[in-house]
Amino acid sequence: MLKETIYDRIGLMEEYATKQEKVIIEFIRTNPIREMIMYSITEFSEKVGVSDATMLRFCRKLGLKGYSEFRFLLSQSEDAAENDAEDEADRILDSMVTVLRSTHDLLDHAQIEKAARLILEARCVYAFGSGNSGVAAQEFCNKVLRYGLHCSYQADSHFQIIAASLLSEQDVLVLFSVSGGTKDMLSLAKNAARSGVKLVIVTNYLKSPLAKYATALLYVVGKSTPLNSGSLVSKVSQLYIVDVLGRELQRQMGSRAEENLRKTAIAVMDREI
């Protein structure tokens, strides 16, 4: 059974397309799918030269619920033969090297330093991530624990809401979201900002809805496709930022961090053979 492609849907509605919708159709037909499926709705709209609202109307005219479903259908249209022709191990390695290098090149050291100061001055620090980004949030808490800092992590979205509701302007919430458009993370950020909580946001899309709530904004590169959202490639840049932020915390703490690292290393030493 053949999978339905985005081009099948376009063929059914093209006769009734508006002028702006025809511009979108032309863009889809003349650009590589592998690039297009990486765009957020804002990035896609900017590339085409239309508004986000126009892009959403186009998706619905195709009979889709929204942009997420559009990306999913677009990813199904990718030529499978192109993937088969590549050595997957080399492709994954190249992707990891690329996202790490790109994230490094876009580091804003002033924002890294600011994020570290906010965390060190906070009464309480929580780190949350939705879905795959939860791995980075948990790793962040594991790392700063070795420096003697207390950071809480919750995987369950209900407990995230409960914990965030008790935070105040003395506290910091560190949120990880590749897309910057996850409903759970947006809800947490909105409510936390309303309470005066300081927000450290780690996201892929600087123009994402989540970014506007940031007290300190850390940009990562590492997008995933709808059919490959579990890939480590999409997490590796977040984990890189965790290490970079961790080193900045260590630098600002000075000898206190060094002493705590020594203590924690000794504490787990007898667990090894």
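**Salt bridges and helix faces**

1. A search of the whole structure, which is a predicted model, finds 6 salt bridges.

2. Let me start with R123 and D171, whose side chains meet in a salt bridge at 2.7 Å, N to O. R123 sits in the loop between helix 9 (109-121) and strand 1, while D171 sits in the loop between helix 11 and strand 3, so the pair ties together parts that are 48 residues apart in sequence.

3. Next come D243 and K143, with a salt bridge of 2.9 Å, N to O, between their side chains. This pair also links distant parts of the chain, since D243 belongs to helix 13 and K143 to helix 10 (residues 134-145), 100 residues apart. D243 is partly exposed at 40% relative accessibility. K143 has a relative accessible area of 19% and counts as buried, because the cut-off for buried is under 20%; please keep that in mind when you read the label.

4. E259 forms a salt bridge with R262, and their closest N and O atoms are 2.6 Å apart. Both belong to helix 14 (residues 255-269), where their spacing of 3 residues separates them by about one helical turn. An α-helix has 3.6 residues a turn, so residues three or four places apart point the same way. E259 is partly exposed at 32% relative accessibility, and R262 is partly exposed at 44%.

5. Now to helix 12 (residues 183-194). Its 12 residues, at 1.5 Å each, should span 16 Å, and the end C-alpha atoms are 17 Å apart, which agrees. Which residues of helix 12 are buried? They are M185, L188, A189 and A192. Viewed down the axis of helix 12, these buried residues fall within an arc of 95°, so they line one face. The face turned away from that buried side carries the exposed residues K183 and R194. The buried residues pack against strand 1 (125-129), helix 11 (157-165), strand 3 (172-177) and strand 4 (198-203). Just after helix 12, G196 takes a positive phi of about 85°.

6. F159 lies in helix 11 and is partly exposed, with a relative accessible area of 48%.

7. Q238, in helix 13 (residues 233-253), is buried at 1% relative accessibility. Leaving aside residues up to four places away in sequence, Q238 touches S133, A136, F176, S177, V178, V202 and V220. E43, in helix 4 (residues 41-48), is partly exposed at 22%. The C-alpha atoms of E43 and S208 are separated by 9.4 Å, although these residues are 165 apart along the chain.

Conventions. Residues are numbered from 1 along each chain as its sequence is written. This is a predicted model: local features need pLDDT of at least 70, side-chain atom pairs count only at pLDDT 80 or more; totals for chains, interfaces and linings use all residues. Side-chain values use heavy atoms; hydrogens and water are left out. Helices (H or I, at least four residues) and strands (E, at least two) are DSSP runs, numbered from the N terminus. The expected span of a helix is 1.5 Å times one less than its number of residues. Buried means under 20% relative accessible area, exposed over 50%, partly exposed in between (1.4 Å probe, protein chains only). The arc is that of the directions from the helix axis to the C-beta atoms. Contact means heavy atoms within 4.5 Å. A salt bridge is a side-chain nitrogen of Lys or Arg within 4 Å of a carboxyl oxygen of Asp or Glu.
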